[in-house]
Amino acid sequence: MPNGSLSRFIERGWRASVGDGLRDLTASASALGVMTLDFGLWTMDFSMSGLHFIVATIEQRRCFSNTFLALNILSVLDDTIAAIATPLGEGGLAVIRISGPQALAFADRCFAPAGKASLKPSAAPTHTIHFGHVMRNGQIVDEALLAVMRAPRTFTREDVVEITCHGGILAVKLALEAALESGARLAEPGEFTRRAFLNGRIDLAQAEAVADLIHSRTELALRAANEQLAGKLSQRINRLRDDLVETLAHVEAHIDFPEEDIAPDTREQLMARLERNVTFMDELLRTAGEGQILRRGIRAAIIGRPNAGKSSLLNQLLGHDRAIVSAIPGTTRDTIAETANIRGLPVVFIDTAGLREAHDEIEVEGVRRSRQTLQQAELILHVFDVAEALTEADAAYLAEFAGKKRILVRNKVDLPARLQLPTVTNGPVVEVCCLSGQGIEALKNAIKELVWSGEIKAQMLEVMINSRHQDALNRGRAATLRALDALRVDLPLELVALELRIAVNGLGEIVGQTTTEDLLDVIFSQFCIGK
């Protein structure tokens, strides 16, 4: 295919409208002998000058999905939703949240103001609180305080009503039913935060930070979530995306005016800019491991022979008695998992059944689960009884788990030592006494250093990408590198533009500038109902 034909083919495909584009691309494909044209995946195969190009997943259903998404957003935001915003169970207080265009009108139907200063929700000024009763079928359900917050100064940028009542299970249930019977719809998981995103109050990365904040198990994780909620990650992604868009604009300008070839110095400038973009992406990608640790924690399996002190070590690390401790070997038959804050990092410690030859069905299952836990663990605490000599089984386990991050824990150091560990081992050796707590702080330090080397600085917490961000960045990086390669070997600028669009759209997924309904469903399904 001649270069000019290829240029016209790609240009017509990208610049066509939804209706005309399908017809034009089909006609172009037929005329030019295109091998494959699959609009389900927007996949095109074609050949040029003996080279084989594959342009895959080009703005997947972009025109169609964005249209359907916009229509769906309009229908969703037309609803008024309600949910319990506090954890279920008995407590002092509970909050029912109502949001949407009819929030104030629906609240009028289920709330009766009491006292001279209280007003009906629809008549109340914004950001005011009113005393009254939640009403259902003409009967008082509970005393309540009702907060009125009018759009746009609310979390969802819609009219919002929050009813605070007593925290009894039945009272809260009936109060929610009163709101639903007044016309509201039960909210889906994360729907309030989803509306905050759809209405432009926060972007998608900030929306994810809300869930991270709720699920934080350490102060460091909480600080990292607050930094992302404040937009620190979004600012970096937007700067990177804007830079790529500017580069794309330069390329598009030369495509629109083909008689003006890119000067060598201009091409070098564009390539230098793209190289800086790749370097910046690499810096962001390096934060993925730390971000995963802060959000999910690290799984640490405690292993060793029966009666080596594994359960006692678990109790010491947790700071309370969680596992049964006995002098009888084989007390632990099942795995026990608990999370502890180790120097600011969430660590999931898993106490396992003793590694030995099992003698009954229950013990067989316990050992099987121990081995399954070992496969999933990122860190191993291998516990030895210093009063017992090293056995062949111990040596075999040391060799078996040599490829994993591990700490060798010499327990019962208050007793006469008979244990001689091999001199060649990977991982530190820490001496402890689980009876007195001796060495436990040193073990915590060793765990922290093995999991996260170096000091945890405040600026590190500003940007901690998650696995979704990592995937989008990897796709954006790969597309940017392909655009760089195309510029280096002087391929048609249309191919450079294709790759840059893929990179821009990939980065746009992180903050929600490019998204699909399926992606939003996946993200917000991880939220609780009421948030």
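Visitor: K448 first: buried or exposed?
Guide: K448 is buried, with a relative accessible area of 10%, where buried means under 20% relative accessible area, exposed over 50% and partly exposed in between, with a 1.4 Å probe and protein chains only. This is a predicted model, in which local features need pLDDT of at least 70 and side-chain atom pairs count only at pLDDT 80 or more, while totals for chains, interfaces and linings use all residues. Residues are numbered from 1 along each chain as its sequence is written, and side-chain values use heavy atoms, with hydrogens and water left out.

Visitor: What does K448 form a salt bridge with?
Guide: The partner is E449, with the closest N and O atoms 3.5 Å apart; a salt bridge here is a side-chain nitrogen of Lys or Arg within 4 Å of a carboxyl oxygen of Asp or Glu. E449 itself counts as partly exposed, at 44% relative accessibility.

Visitor: How many salt bridges does the structure hold, then?
Guide: The structure holds 30. One of them pairs R468 with E208, their closest N and O atoms being 2.8 Å apart. Because R468 lies in helix α16 and E208 in helix α7, this pair ties together parts that are 260 residues apart in sequence; helices (H or I, at least four residues) and strands (E, at least two) are DSSP runs, numbered from the N terminus. R468 is buried at 16% relative accessible area, and E208 is buried at 9%.

Visitor: And which residue does R488 pair with?
Guide: R488 forms a salt bridge with E275, the closest N and O atoms being 3.1 Å apart. R488 is in helix α16 and E275 in helix α10 (residues 264-285), so parts 213 residues apart in sequence are tied together. R488 is partly exposed at 45% relative accessibility, and E275 is partly exposed at 36%.

Visitor: Switching to rings: how many aromatic pairs are there?
Guide: There are three, a pair being rings of Phe, Tyr and Trp (its six-membered ring) whose centres lie within 6.5 Å, with planes under 30 degrees apart counted as stacked, over 60 as edge-to-face and the rest as tilted. F197 and F524 have ring centres 6.5 Å apart and planes at 35°, so their pair is tilted. F197 sits in helix α6 (residues 191-198) and F524 in helix α18 (residues 517-524), so the pair links parts 327 residues apart in sequence. Y397 and F401 make a stacked pair, with 6.3 Å centre to centre and 10° between the planes.

Visitor: Which residues of α8 are buried?
Guide: In helix α8 (residues 219-229), they are L220, A221, A224, A225 and Q228. They lie on the same side of α8 because they cover an arc of only 135° around the axis, the arc being that of the directions from the helix axis to the C-beta atoms. Among the elements that cover them are α9 (232-256) and α16 (467-488). Just after α8, G231 takes a positive phi of about 95°.

Visitor: What does E143 touch?
Guide: Leaving out residues up to four places away in sequence, E143 touches F131, G132, H133, T164, C165 and H166, a contact meaning heavy atoms within 4.5 Å. E143 is in strand β8 and is partly exposed, at 41% relative accessibility. E143 and H133 are ten residues apart in sequence, and 4.5 Å apart in space from C-alpha to C-alpha.
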